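I set down what I looked up, entry by entry.

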Amino acid sequence: MAITREQVRRVASLARLRLEPDEEERLTADLDHILAAFTRLEALDTTGIEPMAHVEDVPVPMRDDAVTNPPAGDGLLVNAPARDGRLFRVPKIIE
Amino acid sequence: MSALHDLTARDAAARVRRREVSATELTRAALSRITAVEPQVGAILTICEREALAAAEIIDRRVAAGEDPGLLAGVPVGLKDNICTAGIRTTASSRILEAFVPPYDATVAARLQQAGAVLVGKLNCDEFAMGSSTENAALGVTRNPWDPERVAGGSSGGSAAAVAAREVHASLGSDTGGSIRLPASFCGVVGMKPTYGRVSRYGVIAFASSLDQVGPLARDVGDAALVLQAIAGHDPADGTSSQRPVPSYVAALEGGVRGLRLGLPREYFVEGMQPDVEASVRAAVRTLEAQGATVEPVSLPHTEYAIATYYLITSAEASSNLARYDGVRYGLRAAGGGTLAEMYERSRAAGFGPEVKRRIMLGTYALSAGYYDAYYLKAQQVRTLIRRDFEQAFAHVDALIAPVAPSTAFRLGERVDDPLTMYLSDILTISLNLAGLPGISLPCGLDAAGLPIGLQLIGKAFDEATLLRIAAAYEAASDWTARSPIP
């Protein structure tokens, strides 16, 4: 299979990445090359094999419904690129 | 007496407890070693001089007051820069986190501190731990202390190089597909990837959450055991960390290998392997046989599918994990106006490097509608088959023995333009991450160019103790560890 420039644009949009034309070209070639090498998986019969999402079979641990972390203070906001008092500031969403 | 920076971590800590040397003296010695050799190594992104001296002073006061200062009392250490440290910049070697100062400590950072270790530096790595050479690093170049024209390996290249160059006595790295063992091998130090769930991931910047695991890099096997002891064990803040009790790794070092059964995976002696790598590993196998271990061939038949499986699964997980970098709560926000969506796209474009973008694209593609079953689901099924290979091998043997990589450290720039060739550097290390198993890399020779060769031992889940025991027996019968390339 061949990866097209159009597919790369679509995936970049899903991933919220703005690509320059030269990056688009490079990524089209790279993904094509990498996925071509990965087609060897197709040849392997995996009928009836359980997919493995995680190593451990232990269930997700439950804990008491109690607040254990300290109240969210200024520490959460000190790394914000833009803030307004105790709020994160973002570009206007609704026109 | 040798220079303070040459001491093993356990010797240094013992001397602090006996009041023969102070934590402050050890810390000053590490800082002056860093000043002397860092220009030729480039292992450290942030030197924490003020914080380190303050921490050392606290240790010294505790010693003076007769308190127990901990297993690693006063020992200068470094942390891979994807491990969060409260008040100390943590970048994951990415432009997108260049100015990020975490408000909290990763559990492993806090545990090292509780054990008395003194953090002197945050160490370079491939961006978001994606790479095999530490060349995908946005904020600095790390060189192999054995040859400045060669890579240190990756992704925990700074963690390995800093230990090899004697800038720190031990360090922590993270290993998703070989990122502790490969640089340990290339830099001639000991590196251990623990079983998935043995060490907390809380506060470790996520790459591929079902595989990421933190572990020690150290100058010898005893130090690796000591550091693992300090960080292992359940953490309520990480739901995937295991409740199993932690055995004494230090006690495990004494056992010897008599009666142990070692498996030699035939698929791990690959075509095109550097001949002196294979020769050194086979010599190490004979050394262990002479110590009383028995060795038999085993097969891991799905090894040839591991690279594709690994890169599909980790890239899918990474594309999801890295969705959090949106320029809103922390990290880089690109300047300029526009809509919220445009701000996301421009910030991510400016903040991520080429390899991170490549993996986000690969992962997003593998998860996207129409391709999910063919790539992601298929890879998850093959992951089951790869795990079964190990289960079948471990029905017969106690541990597996193999090289860490098909070659010794390659030249800077040699593979950077060919992602697929770079991915092949991980061919002997990634399978055990898919299966969640522990592995250790330790030095077993030097090649014709004088570069370190690594021996890899792979264990059953939660059987780090047996790996450390075999490694310690090999180390005692050889003289490859504890060599420093820089006088």
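Entry 1, terms and model. I take helices (H or I, at least four residues) and strands (E, at least two) as DSSP runs, numbered from the N terminus. On that numbering I place A92(B) in the loop between β2 and α4 of chain B. I note that the model is predicted.

Within chain A, confidence is lowest in strand β2 (residues 87–88), with a mean of 92, and highest in helix α1 (residues 5–14), at 97.

In what order do the strands of the open sheet lie? I read β1-β3-β2-β4-β6-β5-β10-β11-β9-β7-β8 (chain B), eleven strands with mixed pairing. The edges are β1 (44–47) and β8 of chain B, each of which pairs on one side only. On average, neighbouring strands of this sheet are turned by 30° against each other, direction ignored.

Strand β5 (residues 190–193) of chain B and strand β10 (residues 439–446) of chain B run antiparallel and are joined by three bridges. There, G191(B) has S441(B) in β10(B) as its bridge partner.
Strand β7 (residues 261–265) of chain B pairs in the parallel sense with strand β8 (residues 294–298) of chain B, over five bridges. L264(B) stands opposite P297(B) of β8(B). The bridge partner of G263(B) in β9(B) is L400(B).

Is T85(B), which has 23 C-beta neighbours inside 10 Å, buried or exposed? T85(B) counts as buried, because 23 C-beta neighbours lie inside 10 Å and the cut-off for burial is 20 or more. T85(B) lies in this loop and, leaving aside residues up to four places away in sequence, touches L79(B), T90(B), P102(B), D105(B), A109(B), L119(B) and K122(B). With A109(B), T85(B) is 24 residues apart in sequence and 6.7 Å apart in space, C-alpha to C-alpha.
R89(B) also has its place in the loop between β2 and α4 (107–114) of chain B. R89(B) counts as partly exposed because it has 16 C-beta neighbours inside 10 Å. Residues up to four places away in sequence excluded, R89(B) touches T46(B), F100(B), V101(B) and K122(B). I also looked up R89(B) and P275(B), 186 residues apart along the chain: their C-alpha atoms are separated by 43 Å.

A92(B) has a phi near 55°, a positive value in a residue other than glycine. S93(B), in the loop between β2 and α4 of chain B, likewise has a positive phi near 55°. I record A92(B) as buried because 32 C-beta neighbours lie inside 10 Å, and S93(B) as buried because 33 other C-beta atoms lie within 10 Å. Elsewhere, a cis peptide bond joins G154(B) and S155(B), with omega about 10°. S155(B) sits in the loop between β3 and α5 (157–164) of chain B.

How many residues of chain B are in contact with chain A? I find 47 residues of chain B in contact with 40 residues of chain A. Helices α10 (306–321), α11 (340–351), α12 (354–367), α13 (372–393) and α14 (419–424) of chain B each supply at least two residues to this side of chain B. α13(B) gives the most, with ten residues. By class, the side of chain B that touches chain A has 23 nonpolar, 14 polar and ten charged residues.

Technical notes. Residues are numbered from 1 along each chain as its sequence is written. Chains are lettered from A and ligands numbered from 1 in the order in which they are written. This is a predicted model: local features need pLDDT of at least 70, side-chain atom pairs count only at pLDDT 80 or more; totals for chains, interfaces and linings use all residues. Two residues are in contact if their C-beta atoms, placed from the backbone, lie within 7 Å. Ala, Val, Leu, Ile, Met, Phe, Trp, Tyr, Cys and Pro count as nonpolar, Asp, Glu, Lys and Arg as charged, and the others, Gly among them, as polar. Two strands pair if DSSP finds at least two bridges between them. pLDDT is the predictor's confidence in each residue, from 0 to 100. Axes are lines fitted to C-alpha atoms, for helices over the stretch in contact, and angles run from 0 to 180 degrees between N-to-C directions. A residue is buried if 20 or more other C-beta atoms lie within 10 Å of its own, exposed if 12 or fewer, and partly exposed in between; C-beta atoms are placed from the backbone.
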